[in-house]
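Open your viewer, get the selection tool ready, and follow along stop by stop. We'll pick one residue or group at a time and look at what surrounds it.

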Amino acid sequence: MAWPIPEINDDNRAFWTGGETGRLMTPRCPSCFSENVAPAPVSGRGHVYSFTINRQQWSPGLEVPYVIAIVELEEQRGLRLLTNIVGCPVDEVAIEMPVEVEFVHRGDAFLPVFHRAEA
C-alpha cells in the first residue's frame with residue numbers, strides 16, 4: 001500500500017518514531033486530552049472497535065481494497081487509534097477481532113498498522 005509519509009514534529013515524534021524500536025507510543029491522555037504527559041509505550045495489542053473497507057483507488061499505486069479501522073488498545077477502554085488492518089483478507093476482518101501492531105517504515109516514520117493476533 002502507498003502510505004503517505006507523516007510530517008514529524010516535536011509533538012508527535014515519539015508516536016511516529018517509536019516503531020523503530022518496536023514500541024507503540026501514546027502521546028497524550030485519551031480521556032482528558034492533556035498534553036501534560038510524557039509519551040509512554042503500550043503493548044500494541046487490542047481489538048477492532050470499528051472498520052470500513054475502502055474499494056476506491058484514490059491515487060496511483062494505492063492497492064485496493066484495504067481496511068481502515070479503529071483499534072481499541074487493551075490498556076484502557078477508549079484508547080483508540082485510526083489505522084489499517086494488514087495481512088488479513090478484507091472479508092475476514094470483524095469487530096472485536098484481536099489485533100497487534102506492526103510498523104511500516106516510510107521516510108523517517110514508522111506507521112503503526114495492525115494484523116490479526118492469536119485469540
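Select Thr83 to begin: with a relative accessibility of 6%, Thr83 counts as buried (buried means under 20% relative accessible area, exposed over 50%, and partly exposed in between, using a 1.4 Å probe and protein chains only). A word on what you're looking at: this is a predicted model, where local features need pLDDT of at least 70 and side-chain atom pairs count only at pLDDT 80 or more, while totals for chains, interfaces and linings use all residues. Residues are numbered from 1 along each chain as its sequence is written, and side-chain values use heavy atoms, with hydrogens and water left out.

Thr83 sits in strand S5; helices (H or I, at least four residues) and strands (E, at least two) are DSSP runs numbered from the N terminus. Now show the backbone of Pro112: the Thr83 side chain reaches its oxygen at 2.8 Å. That pair is a polar contact, meaning N or O atoms within 3.5 Å; within protein, one must be able to donate a hydrogen and the other to accept it, and residues adjacent in sequence count only if both atoms are side-chain atoms. Leaving aside residues up to four places away in sequence, Thr83 touches Val67, Ile68, Ala69, Val71, Pro112, Val113 and Phe114 (a contact here means heavy atoms within 4.5 Å).

Next, click on Asn84, also a residue of strand S5. Asn84 counts as buried, at 12% relative accessibility. Look for the backbone oxygen of Val67, which lies 3.0 Å from a polar atom of the Asn84 side chain.

**The largest pocket**

Which residues lie nearest the centre of the largest pocket? Select Trp3, Pro4, Leu82, Thr83 and Asn84: of the 20 lining residues, these are the ones. A pocket is found on a 1 Å grid over the protein atoms alone, as an open set of points where a 1.4 Å probe fits, with protein on both sides within 12 Å along at least five of seven lines; lining residues have an atom within 4 Å of a point. H1, S4, S5 and S7 each give two or more residues to the lining, and S5 gives the most, with four.

The volume of this pocket is about 390 Å³, that is, the space filled by probe spheres set on grid points joined across faces, edges and corners. Colour the lining by residue type and you get 17 nonpolar, three polar and no charged.

**The core**

Now select Leu24, Leu73, Ile85, Val93, Met97, Val99 and Phe114, which touch the most other members of the 25-residue largest nonpolar core. Such a core is a set of buried Ala, Val, Leu, Ile, Met, Phe, Trp, Tyr and Cys residues joined through side-chain atoms within 4.5 Å. Helix H1 (13–17) and strands S4 (66–73), S5 (80–85), S6 (98–106) and S7 (109–116) each supply two or more of its residues.

Zoom in on Leu24: beyond residues up to four places away in sequence, its contacts include Phe15, Ala40, Pro41, Leu73, Val101 and Phe114. Hop to Val101, found in strand S6 and buried at 17% relative accessibility. Among the residues Val101 touches are Leu24, Gly44, Pro112 and His115.

**Out to the charged pair**

Select Arg116 in strand S7. Its relative accessible area is 37%, so Arg116 is partly exposed. Show the side chain of Glu92 as well: the Arg116 side chain makes a polar contact with it at 2.7 Å. Other residues that Arg116 touches include Val86, Cys88, Met97 and Val99. If you draw a C-alpha line from Arg116 to Val101, you'll get 9.0 Å for a pair 15 residues apart in sequence.

**Two backbone details**

Where is Glu96? Look in the loop between S5 and S6. The phi angle of Glu96 is near 80 degrees, a positive value in a residue other than glycine, and Glu96 counts as exposed at 53% relative accessibility.

For the last stop, pick Val64 and Pro65: the peptide bond joining them is cis, with omega about -5 degrees. You'll find Pro65 in the loop between strand S3 (45–54) and S4.

Note on methods
Nonpolar A, V, L, I, M, F, W, Y, C, P; charged D, E, K, R; others polar.
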